[in-house]
Amino acid sequence: MLLLLGLCLALLLCAGSQEEERSWSDTSEQVGLRVPRQLRLLQRLKTKPLMTEFSVKSTIISRYAFTTVSCRMLNRASEDQEVEFQMQIPAAAFITNFTMLIGDQVYQGEIIGREKKNGDRVKEKRNQTTENNGEKGTEMFRASLVIPSKDKAVLLLSYEELLQRRLGKYEHIVSVRPQQLVGRLTVDVSILEKSGIASLEVLPLHNSRQKGSGRGEDDSGPPPSTVINQNETFAKVIFKPSVVQQAKIAQNGILGDFIIRYDVNREQSIGDIQVLDGYFVHYFAPKGLPPLPKNVVFVLDSSASMVGTKLRQ
C-alpha cells in the first residue's frame, strides 16, 4: 500500500510539473505575440500631427485683397508634439492678424511694424530667409506650437494686399503647400469689381519654391476640381481637390501656387477712384497711348545684408 501511494504521488507531482511547464510556455508564447502588437501600436502613436483642414478664403474688392488662412491640426499621439506652421505670402502683403487656439486656450499674436525691428541684423536674417526659400517677391511666415496629446489646434492667419497691374492683368496668388495630404482642402476666392470684369483666367498650379510636382493631369487649364462662376461685376472661384486629386498632383502635399489673373473694364479715360475710411486710390490706365520712352537704372546693393555669396554673385 505504501509503495502504491508513493507511485501515485510521484505521478501527480510529475503531471503537475508538466502542466506548469506547459502554462509557462503558453504564457511566453502569448507575450511573444503581444510585444509586436505593442510595438506597432507605439509606431502608430508616434505619427506626426494630422492636418484635418486647410482653407484659404480671399475677398478682392476693387483690386484690394483680404485673405484669411485657416488650419486645423490634430495630435493623435500619446504625448505632446511640436509642429511648425508655415505659409508663403506676397512680399507686398502685410499681416493683420494671427491667432492660435490650442485646446481651450486662445493665443493672440501681436503685430509689430517693420520699422520697429532691430535694424540691419533683422533685415539680414529676413533677406537670408527669402534667399533660402529661393523665390523672389514672397516671404515665409512661420509659427511653432506644441499640441497636447489627443488634442486639437486651430491657426488663423489674415493678411491684406493691394494688387498691382502687370502686363495688362491683375494677379492674385495663393500658396497651397500644407506639407501633407489634407482631408478638407479649399481655396475660395471672390472678386467684386464695380467697373466690371473684362477677363478672368485661372492658371495651372505653379510650383518653383519647394520640391514638389505641382502638376495635375491637365496642365493646359485650371487645376482639377476648380469651379468658376462669373457675371459682369462678380466672380467666384473655388478650388477643392479631394485627397486622391491632391496625391496625383504631389504626394508630399506641396501643390503649388493657385493663380488667378483678371482685368477690369476701362471705358472712362479718367480712370477709377475708390474712397474708403478717409483714404483713396486712383487707378489710371488709359487705352490707346503709344509706348513711352523708359530709362533703366541698375542698382548694386553693397550693404551688410549683401555680404557673402550675394555680393560675390
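Is Tyr 64 buried, exposed or partly exposed? Tyr 64 counts as partly exposed, because its relative accessibility is 22%; buried means under 20% relative accessible area, exposed over 50%, and partly exposed in between, computed with a 1.4 Å probe and protein chains only.

The structure is a predicted model, in which local features need pLDDT of at least 70 and side-chain atom pairs count only at pLDDT 80 or more, whereas totals for chains, interfaces and linings use all residues. Residues are numbered from 1 along each chain as its sequence is written, and side-chain values use heavy atoms, with hydrogens and water left out.

**Stop 1: the aromatic pairs**

Rings of Phe, Tyr and Trp (its six-membered ring) pair if their centres lie within 6.5 Å; planes under 30 degrees apart count as stacked, over 60 as edge-to-face and the rest as tilted. By this rule the model holds 5 aromatic pairs. Select Tyr 64 and Phe 66: the ring centres are 5.0 Å apart and the planes stand at 65 degrees, so this pair is edge-to-face. Phe 66 is partly exposed, with a relative accessible area of 34%.

Next, select Phe 98 and Phe 141. Their ring centres are 4.9 Å apart with the planes at 65 degrees, so the pair is edge-to-face. Phe 98 belongs to strand β4 (residues 94-102) and Phe 141 to strand β6 (residues 138-147), so that the pair links distant parts of the chain, 43 residues apart. Strands here are DSSP runs (E, at least two residues), and helices are runs of H or I with at least four residues; both are numbered from the N terminus. Both Phe 98 and Phe 141 are buried.

**Stop 2: Phe 66 and its surroundings**

Return to Phe 66, which lies in strand β2 (residues 64-74). Display the surface and select Ile 61, Phe 66, Leu 192 and Phe 234, which make a nonpolar patch of about 310 Å². Patches are made of residues with over 30% relative accessible area and no salt bridge; like charges are joined within 9 Å and nonpolar side chains (Val, Leu, Ile, Met, Phe, Trp, Tyr) within 5 Å. A salt bridge is a side-chain nitrogen of Lys or Arg within 4 Å of a carboxyl oxygen of Asp or Glu. Accessible areas come from the Shrake-Rupley method with a 1.4 Å probe, and for residues only the protein chains shown count as cover.

Strand β2 is joined to strand β7 (residues 152-162) by 11 bridges, and the two run antiparallel. Within β7, Glu 160 stands opposite Phe 66.

**Stop 3: the sheet of 8 strands**

Select the open sheet whose 8 strands have the order β5-β4-β7-β2-β1-β10-β13-β12, with mixed pairing. Two strands pair if DSSP finds at least two bridges between them. At the edges are β5 (105-108) and β12 (226-230), each pairing on one side only.

**Stop 4: the sheet of 4 strands**

Which strands make up the other open sheet listed here, and in what order? Its 4 strands follow the order β8-β9-β14-β11, with antiparallel pairing. The edge strands are β8 (165-166) and β11 (197-202), each of which pairs on one side only.

Start at β8, which pairs with strand β9 (residues 169-176) in the antiparallel sense over 2 bridges. The bridge partner of Arg 165 is Tyr 170 in β9. The hairpin of β8 and β9 has 2 residues between the strands, and Leu 167 takes a positive phi near 55 degrees there.

Continue to β14, which 7 bridges join to β9 in an antiparallel arrangement. Tyr 170 stands opposite Tyr 262 in β14. Finally, β11 pairs antiparallel with β14 (residues 256-264) over 5 bridges, and Ile 197 faces Val 264 of β14 as its opposite residue.

**Stop 5**

Select Ser 62 in the loop between β1 (50-61) and β2. Ser 62 has a positive phi of about 50 degrees although it is not a glycine, and it counts as buried at 9% relative accessibility.

Move to Gln 179 in the loop between β9 and β10 (184-192). Its phi is near 75 degrees, a positive value in a residue other than glycine, and Gln 179 counts as partly exposed at 29% relative accessibility.

End at Asn 75 in the loop between β2 and β3 (81-90). Asn 75 is buried, with a relative accessible area of 0%. Its C-alpha atom is separated by 4.5 Å from that of Pro 49, 26 residues apart along the chain.
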